[in-house]
Amino acid sequence: MTTTSHPPLTLEHRFADELPELVLPWQAAAMPAPALLAANGELAEQLGLDAAWLGSEDGIAALGGARPIPGSQPVAMAYAGHQFGGYSPRLGDGRALLLGELTDRDGRRRDLHLKGSGRTPFSRGGDGKAAVGPMLREYLIGEAMAGLDIPTTRALAVIGTGEQVVREVALPGAVLVRVAASHLRVGTFEYAARLEDRGVLRRLADHAIARHHPDAAGAERPHLALLEAVAMAQAALVARWLHVGFIHGVMNTDNMTISGETIDYGPCAFLDRFDPATVYSSIDHGGRYAFGNQPGIAQWNLTRFAETLLGLIDPDTDTAVGLATEVLNAFPDHFRTAWRAGMRAKTGLRDDRGEADAELFDALLAVLHEGRVDHTNGFRSLSAVLRQGRADAADAQLAVAPGFDAWVQRWTDRLAAEGVHPQERAAAMDRHNPRYIARNHLVEEALSAATAGDLGPFEAMLAVLRRPFEERPGLERYTEPRPDELPAYRTFCGT
């Protein structure tokens, strides 16, 4: 491995400087034998970093925390959170550190962050370490989401630590180097709202406005405008999750960002057969975070966010509650607007017909559900129906699903009224219906191989997922649904 000089990398610490009450200075644990497992050259370029540096001794040592970046002041961030509905007043970064903030080539501020970097004062008895599999999962799913054009945190690198971490069995350890618009969460506000110094919450809210929603600063009530901006961002985000069949798996308030990015890919998964009640997470025994529940949970989380802002919205509690309630009550409409817009794109419709669209989309989902149709393949195959002009050109499961022929007739009648050539419309649909997703059984296959030392399947899958809409020969196995003979799929949080 070569040694290179340290690249120009200037880290700032605006969050830690402005809100010292919400951080604890801390250092990453030493790594016995650090080795680069995966590096994101595209992201490095966006950040203005030399991609070759990521694989150098200097790069691995610096990003892994073993050799501090000049000027770096790593901190563990404090936050609280409602986890499965129950409030935990002190969570925080139990195995993570914020190294600092940098500005990318587009002038956007980004957090540079470690995950799996060792025990902190927030560890709550844990070892603060992470295993290779979960860290590569976060890398893989983050890149899949980026390829699908869904706001997301992304991995810059995964570094093997050269030590074993003990879970049910001993596993090779790793540290994830993560990049995010920020790590401000609803849980950050829940923590600040309960501090004796009420000024911390105001400074936090103003920091969030300046960093993520600057238009709110000029509003008559800036903190009400902040609530509305976050609600709009989350409505759009969750709608996009549903468009591609993504299940976050653990939508606690400490996993909802103020920026509107998807964060923390633990027990996440993508739908196989369409069913709104689908739950893959091993810890979600009651189905709280089922696929179809995600919009409602987002609104519940936003209500917890609103509760922290009431004193900033208006000094009169009744007035503040009334104003915040109006914003929260508008969330379902914002979500439905975003969801219907995406569904129109997925089904090739251009005109917005409101409730008529909703009825058409709900009828299609009912067909998918009753026919136990693969979500991704079913939607992707709708363009083939247009190209070939017949319903049986759809995915095999969808073509025989009860009610599909009748739905196709309704759909094609609606399309004909818009007067767009079928081939043009089909091509547009293919830009919104992915051919490839991170299929759960293939993700597990790739992570199992990587844990055993073979990164080939992981790298192959990564290349597929970065271009999810472009069908390519030789990649048929990445389109195949989960085999029926496999046991019921379960995901785990990876801690």
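This report describes the fold of one protein chain and then some of its local features.

The structure is a predicted model, in which local features need pLDDT of at least 70 and side-chain atom pairs count only at pLDDT 80 or more, while totals for chains, interfaces and linings use all residues. Residues are numbered from 1 along each chain as its sequence is written, and side-chain values use heavy atoms, with hydrogens and water left out.

**Overall form**

The chain contains 18 helices and eleven strands; helices (H or I, at least four residues) and strands (E, at least two) are DSSP runs, numbered from the N terminus. Its radius of gyration is 23 Å, close to the 23 Å that the globule rule gives for 495 residues, so the chain is as compact as a globular protein of that length. The radius is taken over C-alpha atoms, and the rule is 2.2 Å times the number of residues to the power 0.38. The C-alpha trace spans about 65 × 60 × 40 Å along its principal axes.

Of the 495 residues, 57% count as buried, where buried means under 20% relative accessible area, exposed over 50%, and partly exposed in between (1.4 Å probe, protein chains only). Among contacts (heavy atoms within 4.5 Å) between residues at least 6 apart in sequence, 71% join residues at least 24 apart.

**Strands β6 and β7**

Strand β6 (residues 96-103) has seven of its eight residues buried, so it is largely enclosed by the rest of the structure. Seven bridges join β6 to strand β7 (residues 109-115), and the two run antiparallel; strands pair if DSSP finds at least two bridges between them. L102 has R110 in β7 as its bridge partner. Five residues lie between the strands of this hairpin, in which G107 takes a positive phi near 80°.

**A buried threonine**

T188 belongs to helix α6 (residues 186-193). This residue is buried, with a relative accessible area of 1%. Leaving aside neighbours within four places in sequence, T188 is in contact with L22, A78, Y79, H183 and L204.

Most residues other than glycine have a negative phi.

R124 is exposed, with a relative accessible area of 55%.
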